Amino acid sequence: MGEFWPVEDVLTYLGGNWRVERTVRDLASDAEGRFTGTTVFEPLEEGGLLHRESGTFVWQGVARPAERTLRFLPGQGPGTALVRFSDGRPFHDLDLTTGRYVADHPCAADLYRGEFTVRDEHHWRSVWRVRGPAKDLVLTTGYARPT
């Protein structure tokens, strides 16, 4: 097996509970924050998964509750998904058939470039690089199935 773990059915793979640890680095100021929490992927009636993330984000010594919701809808094939914001706006496509995928999301003057990698059946990661006139960030998120 290679460096990445191919995923035949992305919605089946993601379904259920995951522990989440994320670092957020501001490359301009060298400030760093940390999010710890959980993500639950629950089935949607219309197909796909509802992604609910919740936890605590610590930035410059201040801890705050944080959460987000996304929708992972069926893509062109079982190894793919269409990721949408909670209000239905497109976020990015996802194709984990090779265990690795790079996605872009333009947002106003900023560009979000995400790399998704799957290590095995219990671990995957995303790294978002955000560049724009006022942003220079790296967000690295590790997902692990609870043991």
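Colleague: Which element gives the largest share of the lining of the largest pocket?
Modeller: The model is predicted, so local features need pLDDT of at least 70 and side-chain atom pairs pLDDT 80 or more, while totals for chains, interfaces and linings use all residues. A pocket is an open set of 1 Å grid points over the protein atoms alone where a 1.4 Å probe fits, with protein on both sides within 12 Å along at least five of seven lines; lining residues have an atom within 4 Å of a point. Strands S1 (16–26), S3 (49–59), S4 (62–74), S7 (100–107), S9 (123–131) and S10 (136–144) each give two or more residues to the lining. The largest share, four residues, comes from S10.

Colleague: Which residues lie nearest the centre of the largest pocket?
Modeller: Residues are numbered from 1 along each chain, and side-chain values use heavy atoms, without hydrogens or water. Of the 21 lining residues, those nearest the centre are Arg22, Arg68, Phe91, Tyr112 and Leu139.

Colleague: Which strands stand at the edges of the sheet?
Modeller: Strands here are DSSP E runs of at least two residues, numbered from the N terminus, and two of them pair if DSSP finds at least two bridges between them. The open sheet has 10 strands with antiparallel pairing, in the order S6-S5-S4-S3-S2-S1-S10-S9-S8-S7. Two strands have a single partner each, so one side of each is left without a neighbour in the sheet: S6 (90–95) and S7.

Colleague: Which residue in S2 stands opposite tryptophan 18?
Modeller: S1 and S2 (residues 31–43) are antiparallel partners, joined over 11 bridges. Across from tryptophan 18, the residue in S2 is threonine 39.
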